Amino acid sequence: MRKINSEISGFYKLSIEERQKILSNYYDLSQDEIKLLQNFGCFKPNQLDSLIENVVGSYHLPMGIACNFKINNKDYLIPMVIEEPSVVAAASNAARFARRQGGFYSEKVKSVMFSQIQITQIKDIESTKNELLNHKNEIIEIANEQDPILNEIGGGAFDFKIRELETRKGKMLILHLLVDVLDAMGANVVNTMAEAVSSYIEGLCSGKIYLRIVSNLATQRIARCKATFNKDLLGGPDVIEGILYAYEFALADPYRATTHNKGIMNGIIALTLATGNDTRAIEAGAHAYASLSGTYKPLTNFDIDKDGNLMGEIEIPLALGIIGGMTKIHPMAKLALKILNVKSAEELSQIAAALGLAQNVGALRALASEGIQRGHMALHSRNVAKLAGVPDDLIEEVAKKLVEDNRIRVDYAKEILNDLLKKLR
Ligand code: MEV
């Protein structure tokens, strides 16, 4: 390997091939490694190169399908892109338990996003507020001029709220420009609108505007979904009691609540990624929402119904779109949306909320009964067998033995392989 100089002038101007050559020289890439870089999957090289900067390849992940989902009386097969074993199976199982009781019920989800406009160095806060309110129509009109089509089809900017913030640099006014983004995720449109109205706003008040950017805490886009999970399918009263104890634990302890919510996000992010949506926005929004009370809390809640079944609910901000961004560019995202057969961003959010709830129940059920390692390890054992150099035709056999003996380790896989090879000789 050559000494690396990370300051590569004009790297961004090179073609993908040229960048690959640089990597190949630096790291002595083998033919197989070069082939990996050259495998663009479902993309054409020029598509990739126009998505991000300094592209050298394409990175693939498995896409699985979560089954058994009935949401608002409609059946869905849900594509999930995730690397973690057991997640798809757990969601499908929990959806089966809910299906027995009628499935998931997701409420309407508004498609309202907002950008924040930060007005600083204001001489007279009260008169600035009045000026802004007196010119609300003009501000909204300028915002809507940025996207006349959105406005024509029933969306667009429709209101704003003003918040006062006390900061170390003095009082600021933060204007939240509310926009109905319809079927888009909406960050682009609200950012464009916020930038467009800024100079007009600066002209109205004495202050200086710095930031003009979407808030990823999408509190105007909350998804709520409920379901009842059949007690017998879940494993009986003991398992349900365990789930309720797990829930109390999460309510009382942010350390546990974080992991509880991570389980929810296993499902929601897998769907977000599958549909080409912005996973970081969803993740950031979810965790901020979980902390809104001042303490980090679980995003779901649980109780039992009069027959002893488990009732679950989820409430989470979901800024998901079915147009814009990657949704119509990434061939697999397009395919995922086709499989989902959703007609609106709202419907996608309703599905995501149901999936998050199912994922949480699936994880809690495993934790409250056998633990999650068994399910996890069954799939993991195959990877361990591969890592140990087990040939394809022996992987199943070695993996099975690793799980049976509860020793899922590469060294043990090698030992099993050697024994098998001896027997075969
Ligand atoms: C693992 O990816 C997710 C869990 O840790 C979630 C949980 O603990 O609730 C199993």
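Begin with the residues that line the largest cavity: they divide into seven nonpolar, two polar and no charged. Here Ala, Val, Leu, Ile, Met, Phe, Trp, Tyr, Cys and Pro count as nonpolar, Asp, Glu, Lys and Arg as charged, and the others, Gly among them, as polar. This is a predicted model, in which local features need pLDDT of at least 70 and side-chain atom pairs count only at pLDDT 80 or more, while totals for chains, interfaces and linings use all residues. Residues are numbered from 1 along each chain as its sequence is written, and side-chain values use heavy atoms, with hydrogens and water left out.

**The cavity**

Select Met185, Asn216, Ala218, Ala281, Ile282, Gly285, Pro317, Leu318 and Ala319, which line the largest cavity. A cavity is a set of points, on a 1 Å grid over the protein atoms alone, where a 1.4 Å probe fits but cannot get out; lining residues have an atom within 4 Å of a point. The space in the largest cavity is about 40 Å³, a volume being the space filled by probe spheres set on the points. Next, colour helix α12 (residues 279-290), which gives the most to this lining, with three residues. Helices (H or I, at least four residues) and strands (E, at least two) are DSSP runs, numbered from the N terminus.

**The cores**

Now select Phe69, Ile78, Phe104, Phe229, Leu310 and Leu318, the residues with the most contacts inside the largest nonpolar core, which has 61 residues. Such a core is a set of buried Ala, Val, Leu, Ile, Met, Phe, Trp, Tyr and Cys residues joined through side-chain atoms within 4.5 Å. Buried means under 20% relative accessible area, exposed over 50%, and partly exposed in between, with a 1.4 Å probe and protein chains only.

Helix α14 (residues 345-368) supplies the largest share of this core, 10 residues. Of the 24 residues of α14, 19 are buried, so the helix is largely enclosed by the rest of the structure. For a second, separate core of 33 residues, select Ala187, Val190, Val197 and Cys205, which are among its members.

**A strand residue**

Move to Ile162 in strand β5 (residues 156-167). Ile162 is partly exposed, at a relative accessible area of 22%.

**Two loop residues**

Finally, select Asn54, in the loop between α3 (45-49) and β1 (63-71). Asn54 has a positive phi of about 60 degrees although it is not a glycine. Asn72 lies in the loop between β1 and β2 (74-81), and its phi is near 50 degrees, also a positive value.

How values were computed: 1 Å grid on protein atoms, 1.4 Å probe; cavity = no way out; pocket = protein on both sides within 12 Å on 5 of 7 lines; lining within 4 Å.
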